[in-house]
Amino acid sequence: MSDSPLNLMFLLRDHSPHIQSAWEQINNYIQAQSSVYVSSVSVIEDFCPTESEADLVVVLGGDGAILRACRQMGLKQLPMIGINLGRLGFLADLTPEGFCKNFALILERKYRIVEHLMFECKHFLSDGTSKSYLGLNEVVISSAGAMSMLDVELAIDNELVTTYSGDGLIISTPVGSTAHSLSAGGPILKQDLQAFVITPICPHTPSNRPLVDKADGLYSLTAANVPDGAMLVIDGQIKVPYSSGDRLEITKASVTFKLARIPGFNYYSRLNRKLGWGGQPKYGAE
């Protein structure tokens, strides 16, 4: 064990009673421990990464809270562990009770830091301006409320791949492969792979199947004749209008998402449990 106290930072999803109750439970436990220093406690949206240092960031919420916290950290990514107070919990995989139960392992720094691919999405608008977004899960161009077909042209490293016609297109990281991309029929990628998944949403041409390609390429998306109501969506949380003449460039980010895993974590066991994989049906004798 390190001689220095473990420096923990806590990020809370919001001020809701559910979150505050969980924080009170964990705080009472932490206060009774030695060799622990809590450097800060804040709601995610109030967090300022330039003023923070910690051995481990503990996020109270769910996977959505982790996505928000990860983007809030920007280019100063710190190791993170999640306490699941949401629903699915692919990233935030500990309950408050589980966090306390495994705290001795955390205190002894026996967790493993796994680095995950993040992306940078540059949105070049038709008016000549541009915006840049950092994300962890996925970039989506969606026809959204337009209820019209959208034609999205994809090029990788300036080489034309195809034009997808349908309700939109998803470019996902391995972490995001179990989110919107999976719902649209995309494959599941192990979270620490270095690759992007391109998944069409309700493609008009059935032969347009999901595609997996390298993480260090340049992914360019353009769409002509974009219907009113189309949206660019980052991680399911940032939503901005997308118009004809706009262009997207998606690349591997210069930083990675650093997720702490305690001993005993098994990715496929978690998939089995979270997705309800039951194996072969058990037929009774007739």
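On a 1 Å grid over the protein atoms alone, a pocket is an open set of points where a 1.4 Å probe fits, with protein on both sides within 12 Å along at least five of seven lines, and its lining residues have an atom within 4 Å of a point. This is a predicted model, in which local features need pLDDT of at least 70 and side-chain atom pairs count only at pLDDT 80 or more, while totals for linings use all residues. Residues are numbered from 1 along each chain as its sequence is written, and side-chain values use heavy atoms, without hydrogens and water.

Select R112, V114, H116, K190, Q191, D192, R261, F265, N266 and Y267, which line the second largest pocket, a space of about 180 Å³. Strand 5 (residues 112-116) gives the most to this lining, with 3 residues.

Next, turn to the largest pocket, with a volume of about 570 Å³. It is lined by 26 residues, of which D63, G64, L67, N137 and A179 are the closest to its centre. Helix 2 (63-73), strand 8 and helix 5 (180-183) each give two or more residues to the lining, and helix 2 has the largest share, 5 residues.

Finally, select I141, which sits in strand 8 (residues 138-142). Is I141 buried or exposed? I141 counts as buried because its relative accessibility is 0%, where buried means under 20% relative accessible area with a 1.4 Å probe, protein chains only. Leaving aside neighbours within four places in sequence, its contacts (heavy atoms within 4.5 Å) include L150, V152, D167, Y242 and L248.

Technical notes: Helix = DSSP H or I, 4+ residues; strand = E, 2+ residues; numbered from the N terminus. Buried < 20%, exposed > 50% of the residue type's maximum accessible area, 1.4 Å probe, protein only. Points joined across faces, edges and corners; volume = space filled by probe spheres on them.
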